[in-house]
Amino acid sequence: VAQSLSQTLLNTDGSSVNISVPANFSSTDTVVEMTIFSLPQGSVTNIMPLPSGKSVADTAYSVSFKGNNTGAEISSLDQPATVTFNYLDADISGLHENTLVAYRWNGSQWVALSNSSVDTVNNTVTANTQNFSYFALIGDSVSSGGTDAGSGGGGGGYRLPPSQVNLLGVAYPGATLTILKDGLIFIDGLTAGNMMVMVYLDHNA
């Protein structure tokens, strides 16, 4: 891809993320499709545990690239992209702002992005990456007990209410997803393409 690419996802509350990719970032495709969507942090961190002693901002993001020539997902770019997160004060309630770092989920753990820097005046975190998946702003909790207000001295994080199921994936118009008895999943209305669904069940009753 000879041209540079920049795309911003603006959330309804005013927070946002911008992905800026330099020219010649992919040698395998001449046309590349970028997809960005935001998620509440609880739907991500319950199936992707945070680093020990860390807490997370309210909004997480999923970013992916697909080559239109091959139709295949591009897992790594030839040139690093710049990722800029714009957060609200309410997004980081309970976090030490100056400890915020951009992290990416690598399939097994959260890893800090290179050159991650926080601008506490403009409420931005900027970092570089050549790989894409799920992203979140992670930092130190203001209180030693973490952001979870439960009793006891446990660490931070977000806990789902008992017997709640989170579905994480990409929606397709006209498709219906139903959870059947014994956890079976039925998808109706998807005639072409692929659907990825992740299911997390926290049953404490």
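Strands β6 and β10 (residues 124–131) pair antiparallel over seven bridges; strands here are DSSP runs of E at least two residues long, numbered from the N terminus, and two of them pair if DSSP finds at least two bridges between them. This is a predicted model, where local features need pLDDT of at least 70 and side-chain atom pairs count only at pLDDT 80 or more, while totals for chains, interfaces and linings use all residues. Numbering starts from 1 along each chain as its sequence is written, and side-chain values use heavy atoms, leaving out hydrogens and water.

| Residue | Stands opposite |
|---|---|
| S16 | N86 in β6 |
| N18 | T84 in β6 |

Zoom out and you get an open, antiparallel sheet of five strands, ordered β1-β2-β6-β10-β9. Its edges are β1 (5–10) and β9 (114–119), each pairing on one side only.

Now for the rings. The whole structure holds four aromatic pairs, counting Phe, Tyr and Trp rings (the six-membered one for Trp) with centres within 6.5 Å. One of them joins Y61 and F85, tilted, at 6.0 Å centre to centre and 50° between the planes; planes under 30 degrees apart would count as stacked, over 60 as edge-to-face, and the rest as tilted. Y61 sits in β5 (residues 59–67) and F85 in β6, 24 residues apart, so the pair links distant parts of the chain. Y61 is buried at 3% relative accessible area, and F85 is buried at 2% (buried means under 20%, with a 1.4 Å probe and protein chains only). Elsewhere, F65, F132 and F135 make up one aromatic cluster.

Key:
Helix = DSSP H or I, 4+ residues; strand = E, 2+ residues; numbered from the N terminus. Buried < 20%, exposed > 50% of the residue type's maximum accessible area, 1.4 Å probe, protein only.
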